[in-house]
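Subject: Structure handover

Hello,

Here is the structure I said I would pass on. My notes on it follow directly below.

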Amino acid sequence: MRRFIIFVFFFIVGISSGLLKGQTPENWDFPEKYDSLVVFLSDSLDDILDVKIKVKEKRIGTTMAMRPSFFSFFKKPENRTYVLCINNRENFSGILFRDVPHEARIGLIAHEFMHVRDYQERGFGGLVERGWQYLSKNGKQKFEHEIDQMVIDAGFGFFLYYWSAYVLEESDVDDKYREFKRRVYMKPKLILTELNKLGEIEVM
């Protein structure tokens, strides 16, 4: 496993060091400091390039969260606006985005963009269903595992692995927050298993 982790590290560094400087999609209103991450991801997200997405820094209970704006619940998918909320609470017991390692940031943002892809496939009833699903522990886990699987299927599984491994194994978050992440989202070992199924790695 140690050899595999080393391989993943150099694989990710190799890709991320080659991030191209480009232009953020016109409908994505992101601060300039996120341009390199967003442009890199946008190359694989043709289906949501025309979706309106904006960023808001605010106090929330996790590092980052993608949500439809309130009035978007009542609009057709092509007319919706989504808000990427980035936590700016200084006394946060988890991880602030500014402290997330570069490669792990890609996995985290890819996860949030997959929420947009999921929401865009749903009408009003589907959005309500997702909100209702998030009210239970089992429903929340099922929802987030589905989104993590979408990240893997979209080709960002290595970055998702790096994000998950960082949160659970390297960060200094408190035990309650770490347990929440372990319970709700895919753990590193499961991500590797899914990557193995796709033939992208071979875990011995």
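Leaving aside residues up to four places away in sequence, Ile60 touches Ala65, Arg67, Cys85, Ile86, Asn87, Arg89 and Phe92. The model is a predicted one. Ile60 sits in the loop between strand E2 (52–58) and strand E3 (64–68). Its relative accessibility is 6%, under the 20% limit, so Ile60 counts as buried.

Thr81 belongs to strand E4 (residues 81–87). With residues up to four places away in sequence again left out, Thr81 touches Lys52, Lys54, Arg67, Pro68, Ser69 and Ser72. Thr81 also counts as buried, because its relative accessibility is 17% and the limit is 20%. Lys75 lies in the loop between E3 and E4. Its relative accessible area is 39%, which means that Lys75 is partly exposed. Between Lys75 and Phe124 there are 7.7 Å in space, C-alpha to C-alpha, and the two are 49 residues apart in sequence.

As for the chain overall, it has seven helices and four strands. Along the sequence they follow the pattern α-β-α-β-β-β-α-α-α-α-α. The chain has 204 residues, of which 50% count as buried. Of the contacts between residues at least 6 apart in sequence, 69% join residues at least 24 apart. The chain exposes about 11,200 Å², and carbon and sulfur atoms supply 51% of that area.

The helix pairs come next.

H2 and H3. The axes of helix H2 (residues 35–42) and helix H3 (residues 102–120) come within 10 Å and cross at roughly 55 degrees. That angle makes H2 oblique to H3. The crossing of H2 past H3 is right-handed. On the H2 side the contact is made by Leu37, Phe40 and Leu41, and on the H3 side by His102, Arg105, Ile106, Ile109, Ala110 and Phe113. By class, these are seven nonpolar residues, one polar and one charged. H2 itself is mostly covered, with six of its eight residues buried. The buried residues in H2 are Leu37, Val38, Val39, Phe40, Leu41 and Ser42.

H5 and H6. Helix H5 (residues 137–170) and helix H6 (residues 175–184) have axes that come within 8 Å and cross at roughly 100 degrees. H5 is therefore roughly perpendicular to H6. From H5, the residues in this contact are Lys137, Lys140, Gln141, Glu144, His145, Trp163, Val167 and Leu168; they meet Arg178, Phe180, Lys181, Arg182, Arg183 and Val184 in H6. Sorted by class, the contact of H5 with H6 has seven charged, five nonpolar and two polar residues.

H5 and H7. The axes of H5 and helix H7 (residues 188–197) come within 8 Å and cross at roughly 145 degrees. This crossing is left-handed. H5 contributes His145, Gln149, Ile152, Gly157, Phe158, Leu160, Tyr161, Ser164, Ala165, Leu168 and Glu169, while H7 contributes Pro188, Leu190, Ile191, Leu192, Glu194 and Leu195. The contact of H5 with H7 divides into eleven nonpolar, four polar and two charged residues. His145 and Leu168 of H5 are listed in the contact with H6 and in the contact with H7.

Tyr177 is in helix H6 and, at 6% relative accessibility, counts as buried. The C-alpha atoms of Tyr177 and Val167, ten residues apart along the chain, are separated by 9.4 Å. Val167 is among the H5 residues that meet H6.

Regards

Notes: Residues are numbered from 1 along each chain as its sequence is written. This is a predicted model: local features need pLDDT of at least 70, side-chain atom pairs count only at pLDDT 80 or more; totals for chains, interfaces and linings use all residues. Side-chain values use heavy atoms; hydrogens and water are left out. Helices (H or I, at least four residues) and strands (E, at least two) are DSSP runs, numbered from the N terminus. Buried means under 20% relative accessible area, exposed over 50%, partly exposed in between (1.4 Å probe, protein chains only). Contact means heavy atoms within 4.5 Å. Accessible areas come from the Shrake-Rupley method with a 1.4 Å probe; for residues, only the protein chains shown count as cover. Axes are lines fitted to C-alpha atoms, for helices over the stretch in contact, and angles run from 0 to 180 degrees between N-to-C directions. Angles under 35 degrees count as roughly parallel, over 145 as roughly antiparallel, 65 to 115 as roughly perpendicular and the rest as oblique. Ala, Val, Leu, Ile, Met, Phe, Trp, Tyr, Cys and Pro count as nonpolar, Asp, Glu, Lys and Arg as charged, and the others, Gly among them, as polar. A crossing is left-handed if the near helix is turned anticlockwise from the far one by less than a right angle, and right-handed if clockwise.
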